[in-house]
Amino acid sequence: MRKRLPRQPLPYLMLAPSVIVLFSLIIYPMGFALVNSFYFWNLQTSPYPVQFIGLSNYQMVFQITPFMDSLRNTLILSIGGTFIEFWFGMGIALLLNSQLRGMTIARTILIMPTTVAPIVVGFLFRYMFYEGSGLFSWLLTGLGFAVPERGLLGSSHTALASIAVADIWEWTPFFAIVLYAGLLSVPEEIVDAARVDGASRVQMFWRIILPLIKPTAVIIIMIRFMQLFNMFDLVFVLTRGGPGTASRTLSYNLYYEGLVNYNIGLAAAMTWLIVVIVTIIINVYILIAFKDWEW
Amino acid sequence: MRTPIQQKLLVYLALLPVLLFFIGPILWFLALALRPPETAFTVPPQFIFTPTLKAFEYTFLEPGNNRNQLLNSVIVSSGATLLSLPFSVSAAYALSRFQLRAKRFLMLWYISLLMAPPIVFLIPYFVVMARLGWVGTHASMIIVLQTITIPFSIWLLKSFFDEVPDELEEAALVDGANRLQALLRITLPLALPGIIVTSMFAFVFSWNNTVFPLVLSNQRTATLPLGTLSYFATTGVTWNYIAATAIVTMIPPMIIFLLLGRYIVRGLTFGAVKG
């Protein structure tokens, strides 16, 4: 138990610098975006906001940018990606948990993808996805799958899925390694007791192991879901959101409007829409993941 | 009932393709960096070739356009890590050692910053840095990276401070030391491994960040991950150079993660899972 005088100034003095720095680093962009979301302002034509246009930017986000398509793509990517990565990772973790020889080496190999910069992962897969000669496309063709004529990244049916494959490659090991650590911390007595009571492997997994590692699972699912929701680097290298808008995510849509078209007012309005969406998701998550957290 | 030997064999048989899937793309890109350019896009892919270091020579020695980017990456990543330390060490210590009413709120605020989309901050930063004339400086990237390094380091460091027993400090306080002395002489040295681990993670996250340098750097200050893009933008995509640059970009984070060993789980989960 820690019993300290709650009113002494020291802890607050120690916290203040980080709070002040972070607050100013965030309040400025947010304020900037809020003010400019009401102005027409294209950076290519003017270094300063041009004209107050009320809520038009917010309207235009939906009218002239594929905001809803981007939102849909982002949700497909984050929900599908998190789901696949979690269960794939869980499978690998269970294999590692067999406690055979060589699992340390397997774990070391698995860590490698998570160390690679996402932009580099993009290049790794762009090369593998290359029409015809790319290793991945070539293997798919060899296995009898029809690879689209314009390549996996050039077809609107496969572009988003291809981005997901690259992300699954990089981040499934994250789930595998963390869940493996979780499995190792499950007390052996509990597992033994269940076995004596005649529980099958499947029952053991669903009734005993999964509930025990649930707190860990919830937190990593939350972290990964948000990282997927913010997906930018892979889209930037692999498809630039294309073909058309087939693989455009919210982050890429914002980047495109703000830093390709330099439509700052419109991008500012979109920033706030995204901030509202993200804030809602994060708060719901936090309520679930940190409900019984001990601070 | 399967015999144990069969069972073992099954585990290995299942793991082998999995491991191949996860290491394959890295090895294939290493091969791309080492292969003669004319073998890069053949059908079927060529697995056997005479390796050459020409791509590495071109990118890092002569003319070596990427050498400078390597230096920029070191400057920006170390700068971002070092700048965040005083802020995060003090905040993490306060959050670990004191019962504060705002503790829950602050911790959740820090972690929600980590989960916010970085691109959201980027456009305003770009406009203000442009007005200040700071676009293209290392400082602009180091400052903006604090939105990641500070909250991350606070979370991870708190988990390490939590593990340093309080009693030692209390004993020092009884012996007449003040809080600051107790922190500097007792807890800080004991938490030093944790501080080093945290710095290593902060370094890797800064190193691998591309979004901020993409917008805030210029040709002179571009970081190494952006170096891959420079060959991509030119016509007749020179994939061997991309691969060579990418391989060098990968090496520092890989070495650091190998050194981090059992701390990886904790770092990747911001200290939330001890591992």
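**A first look at the predicted two-chain model**

S156(A) is partly exposed, because 15 other C-beta atoms lie within 10 Å; on this scale a residue is buried with 20 or more other C-beta atoms within 10 Å of its own, exposed with 12 or fewer, and partly exposed in between, the C-beta atoms being placed from the backbone. This is a predicted model, in which local features need pLDDT of at least 70 and side-chain atom pairs count only at pLDDT 80 or more, while totals for chains, interfaces and linings use all residues. Residues are numbered from 1 along each chain as its sequence is written, and chains are lettered from A and ligands numbered from 1 in the order in which they are written.

S156(A) sits in the loop between α6 (135-142) and α7 (159-184) of chain A. Helices (H or I, at least four residues) and strands (E, at least two) are DSSP runs, numbered from the N terminus. Leaving aside residues up to four places away in sequence, S156(A) touches P243(A), G244(A) and A246(A), where contact requires C-beta atoms, placed from the backbone, within 7 Å. The C-alpha atoms of S156(A) and L254(A), 98 residues apart along the chain, are separated by 20 Å.

Y262(A), in the loop between α11 and α12, has a positive phi of about 55° although it is not a glycine. Y262(A) counts as partly exposed because it has 18 C-beta neighbours inside 10 Å.

Two packed helices are described by the angle between their axes and the distance between the axes. In chain A, helix α9 (residues 201-229) and helix α12 (residues 264-289) pack at an angle of about 170°, with their axes 10 Å apart. The axes are lines fitted to C-alpha atoms, for helices over the stretch in contact, and angles run from 0 to 180 degrees between N-to-C directions. That angle makes α9(A) roughly antiparallel to α12(A), a term for angles over 145 degrees. Where the two helices meet, V218(A), I219(A), M222(A) and M226(A) in α9(A) face I282(A), Y285(A), I288(A) and A289(A) in α12(A). By class, this contact has eight nonpolar, no polar and no charged residues; Ala, Val, Leu, Ile, Met, Phe, Trp, Tyr, Cys and Pro count as nonpolar, Asp, Glu, Lys and Arg as charged, and the others, Gly among them, as polar.

Chain B has 12 helices and zero strands. Buried residues make up 49% of its 275 residues. The peptide bond joining V43(B) and P44(B) is cis, with omega about -5°, and P44(B) lies in the loop between α1 (4-34) and α2 (54-60) of chain B. F270(B), in the segment after α12 (264-268) of chain B, has a positive phi of about 60° although it is not a glycine. F270(B) counts as buried because it has 22 C-beta neighbours inside 10 Å.

The contact between the chains takes 73 residues from chain A and 76 residues from chain B. Helix α1 (residues 10-36) of chain A gives the most to the side of chain A that touches chain B, with 14 residues. The residues of that side divide into 59 nonpolar, 11 polar and three charged. The model scores ipTM 0.92 and pTM 0.93.

Definitions and conventions: Angles under 35 degrees count as roughly parallel, over 145 as roughly antiparallel, 65 to 115 as roughly perpendicular and the rest as oblique.
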